2 protein chains.
Amino acid sequence: MDDTEGTAGEDPNAGNAAYGKKSFKRSRSHFADRITADAADGWPVEAGRYRLVVSLACPWASRALVVRRLLGLEDALSLAVTDPIQDDRSWRFTLDPDDRDPVLGIRYLSEAYDARETGYPGGVSVPAIVDVPSGKLVTNDFQQLTLDLETEWTALHRPGAPDLYPEPLRAEIDEVMEGVYRDVNNGVYRAGFATKQSEYEDAYRDVFARLDTVSERLARQRYLVGDTITEADVRLFTTLVRFDAVYHGHFKCNRNKLTEAPVLWAYARDLFQTPGFGDTVDFDHIKRHYYEVHRGINPTGIVPLGPDPAGWLTPHGRERLGGRPFGDGTPPAAR
Amino acid sequence: MDDTEGTAGEDPNAGNAAYGKKSFKRSRSHFADRITADAADGWPVEAGRYRLVVSLACPWASRALVVRRLLGLEDALSLAVTDPIQDDRSWRFTLDPDDRDPVLGIRYLSEAYDARETGYPGGVSVPAIVDVPSGKLVTNDFQQLTLDLETEWTALHRPGAPDLYPEPLRAEIDEVMEGVYRDVNNGVYRAGFATKQSEYEDAYRDVFARLDTVSERLARQRYLVGDTITEADVRLFTTLVRFDAVYHGHFKCNRNKLTEAPVLWAYARDLFQTPGFGDTVDFDHIKRHYYEVHRGINPTGIVPLGPDPAGWLTPHGRERLGGRPFGDGTPPAAR
């Protein structure tokens with residue numbers, strides 16, 4: 001995402017756009033086409049045809065990164081990683097030779113949006129899936145994108161890929177994800193971009209009330225739903241892994257650090273140490289993005305040196321709760 | 001202090017003044033007259049003659065608050081407490097009836113500065129001692145002020161008052177205080193008001209390197225110098241008590257929270273729970289001041305709800321290190 005109401009393409013300080021509005025509202029994704037097995041939207045699942053564009057900083061894009069790794073879709077769905085700092089023309093491929101994505105041949109993600117819809121006035125957000133032959137954006141629907149990787153791309157999954165969205169548990173997974181999305185994934189942004197004290201306080205309370213509820217659940221079971229890793233865990237993880245590095249200070253979600261919440265901290269470390277999770281995390285991109293881009297709440301752009309991420313690799317002890325991380329499947333190969 | 005280079009009187013956003021400069025430098029106190037037993041500066045120690053003006057938010061003023069309590073000078077030296085939020089006319093007495101200090105009869109601390117020196121162009125800072133009969137500021141020299149309360153005001157100390165600046169230990173106390181001042185008391189401000197990444201990083205490293213040094217010392221002994229509470233402890237305490245509430249997030253001193261540093265956290269709680277320390281602390285004033293006043297680094301003025309201060313009252317276990325908190329003296333009466 002661009003952490004705004006969709007103005008990263010217009011605003012050099014993406015992230016500040018939401019700031020100044022009455023209250024922070026996350027825009028719905030504009031391009032919600034789906035890539036499916038039956039090609040109902042005209043986009044068939046096809047190995048090598050699409051390119052996933054992410055920022056390693058972005059929690060919404062990181063969901064797709066984790067899922068791609070867990071399902072072994074690396075060869076079928078190639079990956080473009082943007083610079084963690086957008087400019088006024090959107091997410092940039094400045095980490096690549098000649099500042100150009102080597103597959104799509106473009107310098108800015110906005111070019112793929114323009115190829116899809118001329119003069120599109122909305123924001124340019126990640127995650128995005130781009131059709132390589134036409135260069136057109138297919139989808140930036142961060143909520144649906146991973147579900148489709150899990151349920152529509154099955155023919156391309158690696159052998160032993162886990163079922164991250166098991167049919168019998170979908171109602172429960174959806175319910176858990178809904179609360180986590182509203183209060184945690186998006187709640188931290190509502191806190192951080194609040195312009196009124198009362199808005200901030202409401203969001204803060206939502207964040208920690210939900211984390212407390214989730215923590216009670218996770219004190220009894222290793223994963224959020226069932227006894228295996230599901231999409232619900234992926235979505236909670238990408239927020240938790242950013243918590244102490246950015247949300248605690250930058251977004252003022254400072255009742256406590258994640259490291260001070262024993263159950264959640266152990267849970268988050270358990271996932272971090274599971275192949276496919278921690279190996280997608282780049283704390284440098286995460287911190288530089290939030291602190292340099294959101295000048296509306298951090299005018300100096302100074303990036304804090306702390307906290308020390310070494311703790312992520314310490315023993316978590318969650319094995320005693322049982323659980324089968326990959327169910328009947330297997331872990332992805334270590335990276 | 002006003003956390004600036006002395007512009008609280010001019011700048012509604014005191015604290016922003018330093019911000020924008022090449023690097024943060026704390027101004028020397030302009031009015032450095034001393035109130036002494038022999039009245040060398042013309043200001044004799046005298047019960048009831050002077051008024052101490054503080055903000056409960058300010059770590060420099062809070063030194064004087066603690067020392068006044070420990071020495072039992074409450075009756076001899078009366079106290080005025082300002083609003084934690086300055087306006088463009090300086091520190092305000094808006095907590096008093098009619099927004100006026102009932103003893104000095106003034107609405108702004110700047111009036112006492114003006115009475116002392118017409119057109120004084122510098123900043124209006126706390127702590128300040130004002131001569132009640134003339135209404136004139138005597139001193140805003142935060143470094144000397146507490147030392148004089150300890151060594152010049154002895155005739156007015158309560159029975160059993162501790163010696164906070166014992167002659168045989170002064171060289172060691174001064175040395176410890178010098179490092180703590182440069183790297184910790186003032187170091188957190190250098191980090192928080194840095195406008196360049198390298199300045200911030202230098203300050204951050206100074207803060208934590210000094211805290212590590214101090215922590216090693218305090219692992220072996222209950223207090224910083226000797227086996228009793230001294231001025232050195234007072235000065236470290238007023239920074240530590242603000243660490244997690246403001247310096248960790250607002251000033252980006254986020255290698256770790258104080259609560260994550262076992263020795264320093266126990267030491268700080270030990271002092272907090274000692275009469276004369278914790279009873280001078282007002283977390284509401286502290287947080288509102290820093291977060292509302294420093295709009296240059298917190299443009300929204302939103303004040304974080306966390307962290308929970310309840311931990312300050314938990315057992316610290318420092319008694320096992322021995323030490324005699326008040327030496328041959330006694331604690332002040334509980335408040």
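This passage describes how the two chains of a predicted model are arranged, how they meet, and which local features stand out.

Residues are numbered from 1 along each chain as its sequence is written, and chains are lettered from A, with ligands numbered from 1, in the order in which they are written. Because the model is predicted, local features need pLDDT of at least 70 and side-chain atom pairs count only at pLDDT 80 or more, while totals for chains, interfaces and linings use all residues; side-chain values use heavy atoms, leaving out hydrogens and water.

Turning to the interface, 31 residues of chain B are in contact with 31 residues of chain A, contact meaning heavy atoms within 4.5 Å. Of the interface residues of chain B, 100% are also interface residues in chain A, so the copies meet through the same surface. The size of an interface is often given as the accessible area lost when the parts come together. Here the two chains bury about 2400 Å² between them, 57% of it on carbon and sulfur atoms; buried area is the accessible area (1.4 Å probe) that two parts lose on being put together, summed over both. On the chain B side, Lys252(B), Ile302(B) and Leu305(B) lose the most area to chain A, together 27% of what that side buries.

Polar and charged groups also take part in this interface. Between chain B and chain A there are 14 residue pairs in polar contact, both residues being at pLDDT 80 or more. A polar contact is a pair of N or O atoms within 3.5 Å; within protein, one must be able to donate a hydrogen and the other to accept it, and residues adjacent in sequence count only if both atoms are side-chain atoms. Two salt bridges cross the interface, a salt bridge being a side-chain nitrogen of Lys or Arg within 4 Å of a carboxyl oxygen of Asp or Glu. Lys257(A) forms a salt bridge with Glu260(B), with the closest N and O atoms 2.9 Å apart. Helix H6(B) supplies the largest share of the side of chain B that touches chain A, five residues; helices (H or I, at least four residues) and strands (E, at least two) are DSSP runs, numbered from the N terminus.

Over all chains, the salt bridges number 50. Glu178(A) and Arg182(A) form one of them, at 3.9 Å from N to O. These two residues are four apart in helix H4 (residues 170-185) of chain A, and so are separated by about one helical turn. Glu178(A) is exposed, at 52% relative accessible area, whereas Arg182(A) is partly exposed, at 39%. The cut-offs are under 20% relative accessible area for buried, over 50% for exposed, and in between for partly exposed (1.4 Å probe, protein chains only). In chain B, Glu172(B) and Arg217(B) form a salt bridge with their closest N and O atoms 2.5 Å apart. Glu172(B) lies in helix H4 (residues 170-185) and Arg217(B) in helix H6 (residues 197-220) of chain B, so the pair ties together parts that are 45 residues apart in sequence.

Helix H9 (residues 262-272) of chain A has nine of its 11 residues buried, so it is largely enclosed by the rest of the structure. Among the buried residues of H9(A) are Trp265(A), Tyr267(A) and Phe272(A). The buried residues of H9(A) pack against helix H6 (197-220), helix H7 (231-240) and helix H10 (283-293) of chain A.

Finally, some backbone features deserve a look. Most residues other than glycine have a negative phi, and most peptide bonds are trans. The peptide bond from Val126(A) to Pro127(A) is cis, with omega near 0°, and Pro127(A) is found in the loop between helix H2 (110-116) and strand S5 (128-131) of chain A. Ser90(A), although not a glycine, has a positive phi of about 100°; Ser90(A) is buried, with a relative accessible area of 0%. Lys252(A) likewise has a positive phi, of about 60°, and lies in the loop between helix H8 (243-247) and H9 of chain A.
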